[in-house]
Amino acid sequence: MEDSFLTLKTDSEGLYKEKGSKFLAFAYPVSDEDEVKEKLEALKKKYYDARHHCYAYILGKDQDTFRANDDGEPNHSAGDPILGQIRSNNLSNVLIVVVRYFGGTKLGVGGLITAYKTAASEAIEANQIVTDIVTKTLKFQFEYLDMNDVMKLIKDYDLQIKKQDFDNICHLHLSIRETLLDEVMGILDDIPSVKMLN
């Protein structure tokens, strides 16, 4: 389906050790850059004594938002190998952070690439890859008299209610699969009292 993409089911961790250095990898499903920032800040606080917090993420069904960060490691020796692991598994809405504790022996660029790539790969392997669907939230109000028509639509299309408030004037927030949006909007347009909200 054109409105679905692969992502990770939950948070997971991986570990790679090389010549005394420890590479702790953390993989997260994320939905936006604010969430990326939040996860990064939490890790930097928790592992404040680590030398590097290198990361990469990809967002969006088309994987069009992405970033790789070496956090002080030699250029392209950390962020890019992590990003490569996300890409080679065709994942999106995923952040992987690898926290490095330096063990006293330099690994060289080749050694670093291997370490970051392997740590990221371990975190992905410890997780489950799932298919996620691109959804839109539809917010609207309608009169209580039209409740049956609205509920039938929700049942027919298996729509998810995110928020509801039923009174003389009812308010609903529905989560709708992107590919069904036009069809559902068309049916809502035929219910006289429905008014779309922002």
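This is a predicted model: local features need pLDDT of at least 70, side-chain atom pairs count only at pLDDT 80 or more; totals for chains, interfaces and linings use all residues.

**Exercise 1. Salt bridges**

How many salt bridges does a search of the whole structure find? Describe three of them.

Residues are numbered from 1 along each chain as its sequence is written, and side-chain values use heavy atoms, with hydrogens and water left out.

*Solution.* 

Step 1. A salt bridge is a side-chain nitrogen of Lys or Arg within 4 Å of a carboxyl oxygen of Asp or Glu. The search of the whole structure finds five. Side chains of opposite charge can pair when their charged atoms come close.

Step 2. One of the salt bridges joins the side chains of Asp-3 and Arg-177, at 2.7 Å from N to O. This pair links distant parts of the chain, 174 residues apart: Asp-3 belongs to the segment before strand S1 (4–8), and Arg-177 to strand S10. Helices (H or I, at least four residues) and strands (E, at least two) are DSSP runs, numbered from the N terminus. For accessibility, buried means under 20% relative accessible area, exposed over 50%, and partly exposed in between (1.4 Å probe, protein chains only). Asp-3, at 0%, is therefore buried, and Arg-177, at 24%, is partly exposed.

Step 3. Another salt bridge pairs Arg-100 with Glu-73, with the closest N and O atoms 2.9 Å apart. Because Arg-100 lies in strand S6 and Glu-73 in the loop between S5 and H2, the pair ties together parts that are 27 residues apart in sequence. Both Arg-100 and Glu-73 are buried.

Step 4. Asp-156 and Lys-152 also form a salt bridge, the closest N and O atoms being 2.6 Å apart. These two residues are four apart in helix H4, so about one helical turn separates them. Asp-156 is partly exposed at 47% relative accessibility, whereas Lys-152 is exposed at 51%.

**Exercise 2. The two sides of helix H4**

Which residues of helix H4 are buried, and which are exposed on the other side?

*Solution.* 

Step 1. Helix H4 spans residues 147–156, and its buried residues are Met-147, Val-150, Leu-153 and Ile-154. Seen down the helix axis, they fall within an arc of 130 degrees, so they line one face of H4. The arc is that of the directions from the helix axis to the C-beta atoms.

Step 2. An α-helix has 3.6 residues a turn, so residues three or four places apart point the same way.

Step 3. Asn-148, Lys-152 and Lys-155 are exposed on the other side of H4.

Step 4. The cover over the buried residues of H4 includes strands S8 (135–143), S9 (160–165) and S10 (169–177), together with helix H5 (181–189). Contact here means heavy atoms within 4.5 Å.

**Exercise 3. The sheet around S9**

In what order do the four strands of the open sheet stand, and which strands stand at the edges?

*Solution.* 

Step 1. The order is S9-S10-S8-S11, with antiparallel pairing. Two strands pair if DSSP finds at least two bridges between them.

Step 2. S9 and strand S11 (195–197) are at the edges; each has a single partner strand, so one side of each lacks a neighbour in the sheet. From one strand to the next, the twist averages 25 degrees.

Step 3. S9 and S10 form a hairpin with three residues between them, and five bridges join them in the antiparallel sense. Within this pairing, Ile-161 stands opposite Leu-174, and Asp-165 stands opposite His-171.

Step 4. Of the six residues of S9, zero are buried, so S9 lies largely in the open.

Step 5. H5 lies across S8, S10 and S11, and runs at about 5 degrees to S8. Axes are lines fitted to C-alpha atoms, for helices over the stretch in contact, and angles run from 0 to 180 degrees between N-to-C directions.

**Exercise 4. The nonpolar cores**

How many residues does the largest nonpolar core have, and which helix gives the most to this core?

*Solution.* 

Step 1. A nonpolar core is a set of buried Ala, Val, Leu, Ile, Met, Phe, Trp, Tyr and Cys residues joined through side-chain atoms within 4.5 Å. The largest has 24 residues, and Phe-23, Ile-82, Ile-86, Ile-96, Val-98 and Tyr-116 have the most contacts inside it.

Step 2. H3 gives the most to this core, with seven residues.

Step 3. A second, separate core has 17 residues, among them Ile-154, Cys-170, Leu-174 and Val-194.
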